Amino acid sequence: MNNKDWFTTLDQNAHIHITETVKQKILPLKIVFPSHYARIYSQEAARNDIELHPDELLNSEMLSEKVVHHVINLASCTERAIIAIENEDSKTLREVLEETKQLRNELDELRKVVYEDALTKSYSRKWLEDVYLSNDKLSMNQKGTLVLIDLNKFKEINDTHGHNIGDKVLTYVADKLKESGGHVVRYGGDEFLVLFDTKESALTITKKFAAMVQRFGQISFKMDTANFKIGFSYGVMTFDKGSQLSHVIDAADKEMYRHKRG
């Protein structure tokens, strides 16, 4: 992606200031992935009231190159370890062990980049695909319960108070959803999925979210000069192994709109 395209709407002086700030923040980091830069830049942009979509900064080709680099390193470490074991070369084995530990740390960072939503720190749709879906990326690979969450009047909050406040609302809601004990996925915009395994019944889960909605209704939120309430609607739907994700979400969506009308 061309840098010129990224910043056509940004004020040049603000961009220079943000870039210098980001440089200082990434200096102490041993590993800097493209999305690290995107995440830090978007945070600084938000502080300067500049609207920026983090996904526009992440070049998937750059991420793919990083993955290939790790795979090559892993293959090299494995090959050297096999030769060292065959030759009983303890020195080389120790070196390979240290390299493998470092590689594991880098892979953990990479996994976080791929599986974490940059804004809310909840799981990404990629995580959902890899953990809950079969190889066809369409059907569920296990039983469980899905909760579809949709924020009420979120567009109104964005339009009235600005995207900076809107982002804070999304982050706050995601943190509260995590308290339910389920796996929280930012599905898109102001929509979240919360997934539970079979240890909890749909009735118990429904009661949890009904109580959460009540708590939200009793709180007024104040951010800077803004004063408002946050509400959300939810739909709970159980699923079996082999269930189509789209069908489960559609069913949860219908339940959610019944809740909205109620």
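Biologist: Are Arg186 and Asp117 buried or exposed?

Modeller: The model is a predicted one. A residue has to stay under 20% relative accessible area to count as buried. Arg186 and Asp117 both fall in that class: buried.

Biologist: Arg186 forms a salt bridge with Asp117. How many residues apart in sequence are the parts this pair ties together?

Modeller: The closest N and O atoms of Arg186 and Asp117 are 3.5 Å apart. Arg186 sits in strand E2, and Asp117 sits in the loop between helix H5 (90-115) and H6, so the pair ties together parts whose separation in sequence is 69 residues.

Biologist: How many salt bridges does a search of the whole structure find?

Modeller: The Arg186 and Asp117 pair is a salt bridge. Lys126, Asp130 and Lys137 are linked in a network of salt bridges. Over the whole structure, the search finds eight.

Biologist: Lys155 forms a salt bridge with Asp159. In which helix do both lie?

Modeller: The closest N and O atoms of Lys155 and Asp159 are 2.8 Å apart. Lys155 counts as exposed at 61% relative accessibility, and Asp159 counts as exposed at 54%. They are four residues apart, about one turn of the helix, and that helix is H7.

Biologist: Glu200 also forms a salt bridge. Which residue is its partner?

Modeller: Glu200 is partly exposed, at 23% relative accessibility. The closest N and O atoms are 2.9 Å apart, and the partner is Lys208.

Biologist: In E3, which residue is the bridge partner of His183?

Modeller: Strands E2 (residues 183-188) and E3 (residues 191-196) run antiparallel, joined by five bridges. They form a hairpin with two residues between them, and Gly189 in the turn has a positive phi of about 60°. In E3, His183 has as its bridge partner Leu195.

Biologist: How far apart are the end C-alpha atoms of helix H8?

Modeller: H8 covers residues 163-178, which makes 16 residues. Its buried residues include Ile165, Val169, Val173 and Leu177.

Biologist: What is the C-alpha to C-alpha distance between Phe209 and Leu177?

Modeller: Phe209 belongs to helix H9 (residues 202-217) and is buried, with a relative accessible area of 0%. Phe209 touches Leu177, and its other contacts include Val147, Ile149, Phe196 and Tyr234. Phe209 and Leu177 are 32 residues apart in sequence, yet their C-alpha distance in space is 8.7 Å.

Biologist: Within what arc do the buried residues of H6 fall, seen down its axis?

Modeller: H6 runs over residues 125-132, and its buried residues are Trp127, Leu128 and Tyr132. Seen down the axis, they line one face of the helix, because they fall within an arc of 100°.

Biologist: With which side chain does the side chain of Ser139 make a polar contact?

Modeller: Ser139 is in the loop between H6 and strand E1 (144-152). It is buried, with a relative accessible area of 8%. Residues that Ser139 touches include Tyr132, Gly242, Gln244 and Leu245. The polar contact of its side chain, at 2.9 Å, is with the side chain of Asp136.

Technical notes
Residues numbered from 1 in each chain as written. Predicted model: local features only at pLDDT ≥ 70, side-chain atom pairs only at ≥ 80, totals over all residues. Heavy atoms only, no water. Buried < 20%, exposed > 50% of the residue type's maximum accessible area, 1.4 Å probe, protein only. Arc of directions from axis to C-beta. Polar contact = N/O pair within 3.5 Å; in protein donor to acceptor, adjacent residues only side chain to side chain. Contact = heavy atoms within 4.5 Å. Pairing = 2+ DSSP bridges. Expected span 1.5 Å × (residues − 1). Salt bridge = Lys/Arg side-chain N within 4 Å of Asp/Glu carboxyl O. Lists of a residue's contacts leave out its neighbours within four places in sequence.
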